[in-house]
Amino acid sequence: MNDKPVVTVSEVTELIKDLLETSLPDLAIEGELSNWRPAPSGHVYCTLKDRNAMLQAVMFKGKAMRLAFKPADGMLVRVSGSISVYAARGQYQLIIDTMEKAGAGDIQARLDELKKRLSAEGLFDLSRKKTIPAFPSSVVVITSPTGAAIRDILNVLGRRNAGMRITILPAVVQGADAPDALVRQIKTANAFGMGEVIIIGRGGGSLEDLLAFSDEALVRAVADSSIPVISAVGHEIDWSLCDHAADLRAATPSAAAELVSESASAVRVRAANSENALIGEIKSRLRHARMLIQGFSSEALALKLERNLQPYRQRMDYSREALLYGIQSSKTRTANRLAQAGAILAAADPASILARGFAVVHKQGEAGAIRNCSELSRNDAISIQFAVGKASAIIKESST
């Protein structure tokens, strides 16, 4: 039997609803409007989509009435809201609080084309990425000196690694002058070797606000930097082409600062883990060494020698038994053959033949035996040899 508790569909849906609403209470999402459907109630239903996914959304009457523009299918918008679940359909959806034009349909297309071209050149290849030092002693920060990003970075670095040397290279991070300023500061940091890591970035903003960080000249400068670069542009949902060209992308400027400054507690934990791992490895090797040493005791060596010799002894025993068996078999076969030959010889022995009642006849004075009576003539003297004794006779008559 399955001991898992049984719940209803409503209970599962309510659980999912609670998880989503508590985990995703405030989101900023950019996407293309699709299936914009005002309802008689005043609520508006629509779909937000990009190239890979769609998200169902609803904007309630009070929020929809405050829109400053008329939304339409195909329009690129930026919305804020939270994820909820429509239990009747078991469907998650976005509850939209605010909506504004992203106004970047053509801009996004140009960025996609630039990204495709630079990627084809290999600017974003993983093989170009440099390793970020684990414990850098100096870091260069390229950002606006008055923005929230620099404050967040300094706060994190001061809390986690107060001894780190920080060099701030100020730059405009928005507008037409921003790309040149950012490129210039990257080149300055490299020319003078001002740090072990460069953090370049800014706080969040619209797609237009972040355009400077997708400028082709800046992307190439980031990719060509001999100092490892961490790109920290905008919020977690924001992306720029610098993020692809950099050696590492951080979701936020604060996250970038955390990546280059391990806290003292984290270092202590790593040191303790390394110590435990080292002690464990030493103990393991000592146990292995003891086992090897035990293998060289006199008893162990004698046993090992005995085990090594045993197969050869068995082979000798088997070979000796096989040899004895072969000799005995050969002896038996030879004795049988001798007995057979003796019997054949005995059967062919003239004495044996005579003993059975036969006789040998030859002419007197001649050695050859008479085999045919035609060899005899009347009055021939013959000699007859019996098994015992012999006799002489004169032929009176012969016939064939």
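**Entry 1, the network.** I began with the charged side chains and noted that Arg 117, Glu 121, Glu 216 and Arg 220 are linked in a network of salt bridges. I keep in mind that I am reading a predicted model. For the whole structure I wrote down a total of 10 salt bridges.

I then looked up Arg 220 and Glu 216, whose side chains meet in a salt bridge with an N to O distance of 3.1 Å. Both residues belong to helix H6 (residues 216-224), where they sit 4 residues apart, about one turn of the helix. I recorded Arg 220 as partly exposed at 26% relative accessibility, and Glu 216 is partly exposed with a relative accessible area of 26%.

Next I turned to Lys 363, which forms a salt bridge with Asp 380, their closest N and O atoms being 3.9 Å apart. Lys 363 lies in strand S11 (residues 360-363) and Asp 380 in the loop between S11 and strand S12 (381-385), so this pair ties together parts that are 17 residues apart in sequence. Asp 380 has 19% relative accessibility and counts as buried, because the cut-off for buried is under 20%.

Last I looked up Asp 247 and Lys 130, whose side chains meet in a salt bridge at 3.5 Å, N to O. I placed Asp 247 in the loop between helix H7 (241-245) and strand S10 (248-249), and Lys 130 in the loop between helix H3 (105-121) and strand S6 (138-143), so the pair ties together parts that are 117 residues apart in sequence. Asp 247 counts as buried at 12% relative accessibility, whereas Lys 130 is partly exposed, with a relative accessible area of 25%.

Note on methods: Residues are numbered from 1 along each chain as its sequence is written. This is a predicted model: local features need pLDDT of at least 70, side-chain atom pairs count only at pLDDT 80 or more; totals for chains, interfaces and linings use all residues. Side-chain values use heavy atoms; hydrogens and water are left out. A salt bridge is a side-chain nitrogen of Lys or Arg within 4 Å of a carboxyl oxygen of Asp or Glu. Helices (H or I, at least four residues) and strands (E, at least two) are DSSP runs, numbered from the N terminus. Buried means under 20% relative accessible area, exposed over 50%, partly exposed in between (1.4 Å probe, protein chains only).
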